[in-house]
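Thanks for coming. I will walk through one structure today, helix by helix, and stop at a few residues on the way.

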Amino acid sequence: MLPVKDSYDEIFKIEMDGWCYGISNYPGEIFPGLVHRVIKELGPSFREAIEHNVVFNVIETAQKFSKAAKYLINDKEIAFSILSTLPNPSVLDEDGQFIMAQLIDQVERAYGGALERLQKKWGWERRQAA
C-alpha cells in the first residue's frame, strides 16, 4: 500500500461529503443528468486522489451519491460514471496506475464489466488522438 500524499484522503472525503450535501439539499428537482454532471465535474478531484495515492471506495462513494439523489439513480450507474471520469492509465505514472487498478477492481468485483468498458473507452480515445 502506497502512503497517501499531503493528507489528500481527508480533503477528498470533505469534498465528496460537500457535493452529496449539495445534491441532497438541491432546491430544484433532482434528475439523473444533474448527478452525472456533478460526477463529471469531480473528474479532476478523482485524478488528484489517484495522484495522491488515495484508494477511495468507489462503491461507497457511489452509494452516498445515490442516497443524496434520493435513490433516483442506482449506485451501480454512479460507480460506472465515476470510472468514466478517470484518466487514461497511459498518462499516469506507475503508482497512479497501481491506484487506478485498485479503484477499477472494486467495481469489477461488485458489478463486472468495468475493465471491459474502460478498455473500449481508452481504445476510442487513442483512435481519436491519432
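Let me start with a question: does Gly 123 count as buried or exposed? At 8% relative accessibility, Gly 123 counts as buried. Here buried means under 20% relative accessible area, exposed means over 50%, and partly exposed is in between, with a 1.4 Å probe and protein chains only. Gly 123 lies in helix α7.

Some ground rules. This is a predicted model, in which local features need pLDDT of at least 70 and side-chain atom pairs count only at pLDDT 80 or more, while totals for chains, interfaces and linings use all residues. Residues are numbered from 1 along each chain as its sequence is written, and side-chain values use heavy atoms, with hydrogens and water left out. Helices are DSSP runs of H or I with at least four residues, numbered from the N terminus.

Now the helix pairs. Two packed helices are described by the angle between their axes and the distance between the axes. The axes are lines fitted to C-alpha atoms over the stretch in contact, and angles run from 0 to 180 degrees between N-to-C directions.

Take α1, residues 8-24, and α4, residues 58-68: they pack at an angle of about 20°, with axes 8 Å apart. That makes α1 roughly parallel to α4, a term for angles under 35 degrees. The crossing of α1 past α4 is right-handed, meaning that the near helix is turned clockwise from the far one by less than a right angle. On the α1 side the contact is made by Met 16, Asp 17, Trp 19, Cys 20, Ile 23 and Ser 24, and on the α4 side by Thr 61, Lys 64, Phe 65 and Ala 68. Contact means heavy atoms within 4.5 Å. By class, this contact of α1 with α4 has six nonpolar, two polar and two charged residues. Ala, Val, Leu, Ile, Met, Phe, Trp, Tyr, Cys and Pro count as nonpolar, Asp, Glu, Lys and Arg as charged, and the others, Gly among them, as polar.

One residue of that contact deserves a stop. Thr 61 is buried, with a relative accessible area of 9%. Not counting residues up to four places away in sequence, Thr 61 touches Met 16, Phe 56 and Ile 82.

The second pair is α2 and α5, whose axes come within 9 Å and cross at roughly 35°. This crossing is right-handed as well. Val 35, His 36 and Ile 39 of α2 meet Glu 77, Ile 78, Ser 81 and Ile 82 of α5.

Next, the core. Which members of the largest nonpolar core touch the most other members? Of its 37 residues, they are Phe 46, Phe 56, Phe 65, Ile 78, Ile 82 and Val 107. A nonpolar core is a set of buried Ala, Val, Leu, Ile, Met, Phe, Trp, Tyr and Cys residues joined through side-chain atoms within 4.5 Å. Leaving aside neighbours within four places in sequence, Phe 46 is in contact with residues including Phe 12, Met 16, Phe 56 and Ile 82.

Last, Ser 7, in the segment before α1. Its phi is near 50°, a positive value in a residue other than glycine. Most residues other than glycine have a negative phi. Ser 7 is partly exposed, with a relative accessible area of 40%.

Notes. Helix = DSSP H or I, 4+ residues; strand = E, 2+ residues; numbered from the N terminus. Parallel < 35°, antiparallel > 145°, perpendicular 65-115°, else oblique.
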